Amino acid sequence: MSSDDKTDLVFKALAAPIRRDILDALRDTPQTTGEICARFSHLNRCTVMQHLGVLEEAELVLVRRAGRQRWNYLNASPIKHIHDRWIGDYAMGAVSMIDRLKTGLETETVT
């Protein structure tokens with residue numbers, strides 16, 4: 001699988017709000033699939049498992065099995081890769097532009 005294909009999987013996984021919510025739930029601590037299902041009780045277990053499957057395929061969630069339990073861990077590396085590739089350079093330009101705008105507006109108000 002090429003790097004672009006992996007990036008596409010990450011963007012696809014992050015496109016759904018429920019999947020972003022699942023990642024947020026895993027941010028502080030790993031959770032079992034049962035705990036995630038309980039947290040998202042408005043969804044049935046099958047739906048939660050499908051979302052976890054998309055996250056796992058994108059390598060945003062790593063799974064470790066311990067007996068009958070399936071532990072889900074957040075893997076933020078793919079998100080950092082997207083940040084480094086797509087957001088970092090664009091954000092620097094945007095921050096610079098906002099700073100120039102702010103300075104310009106402050107200068108206008110002073111004069």
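Visitor: Is Cys37 buried or exposed?
Guide: The model is predicted: local features need pLDDT of at least 70, side-chain atom pairs count only at pLDDT 80 or more, and totals for chains, interfaces and linings use all residues. Residues are numbered from 1 along each chain as its sequence is written, and side-chain values use heavy atoms, with hydrogens and water left out. Buried means under 20% relative accessible area, exposed over 50% and partly exposed in between (1.4 Å probe, protein chains only). Cys37 has a relative accessibility of 11%, so Cys37 counts as buried.

Visitor: How far is the sulfur of Cys37 from the closest cysteine sulfur?
Guide: A disulfide is a pair of cysteine sulfur atoms within 2.5 Å, and a search of the whole structure finds zero of them. The closest cysteine sulfur to that of Cys37 is in Cys46, and it is too far for a bond because the separation is 9.8 Å.

Visitor: Why are the buried residues of H2 on the same side of the helix?
Guide: The buried residues of H2 are Ile18, Arg19, Ile22, Leu23, Ala25 and Leu26. The arc is that of the directions from the helix axis to the C-beta atoms.

Visitor: What arc do the buried residues of H4 fall within?
Guide: Val48, His51, Leu52, Val54 and Leu55 are buried in H4, whereas Cys46 and Gln50 on the other side are exposed. An α-helix has 3.6 residues a turn, so residues three or four places apart point the same way. Seen down the axis of H4, the buried residues line one face of the helix, because they fall within an arc of 155 degrees.

Visitor: What distance does H4 reach from its first C-alpha to its last?
Guide: The expected span of a helix is 1.5 Å times one less than its number of residues. H4 has 13 residues, and the expected value is 18 Å. The reach of H4 is close to that expectation, at 18 Å.

Visitor: Which residues does His51 contact, leaving aside its neighbours within four places in sequence?
Guide: His51 is found in H4 and is buried, with a relative accessible area of 15%. Contact means heavy atoms within 4.5 Å. On that basis, His51 is in contact with Ile18, Arg19 and Ile22.

Visitor: Which backbone nitrogen does a side-chain oxygen of Asn44 reach at the start of H4?
Guide: A polar contact is a pair of N or O atoms within 3.5 Å; within protein, one must be able to donate a hydrogen and the other to accept it, and residues adjacent in sequence count only if both atoms are side-chain atoms. At the start of H4, the side-chain oxygen of Asn44 comes to within 3.1 Å of the backbone nitrogen of Cys46.

Visitor: What phi does Glu59 take?
Guide: Most residues other than glycine have a negative phi. Glu59 lies in the loop between H4 and strand S2 (61–66), and at 42% relative accessibility it counts as partly exposed. Although Glu59 is not a glycine, its phi is positive, at about 65 degrees.

Visitor: With which side chain does that of Asn72 make a polar contact of 3.1 Å?
Guide: Asn72 is found in strand S3 (residues 69–74) and counts as buried, at 0% relative accessibility. The side chain of Asn72 makes a polar contact of 3.4 Å with that of Arg70. The polar contact of 3.1 Å is with the side chain of Thr33.

Note on methods
Helices (H or I, at least four residues) and strands (E, at least two) are DSSP runs, numbered from the N terminus.
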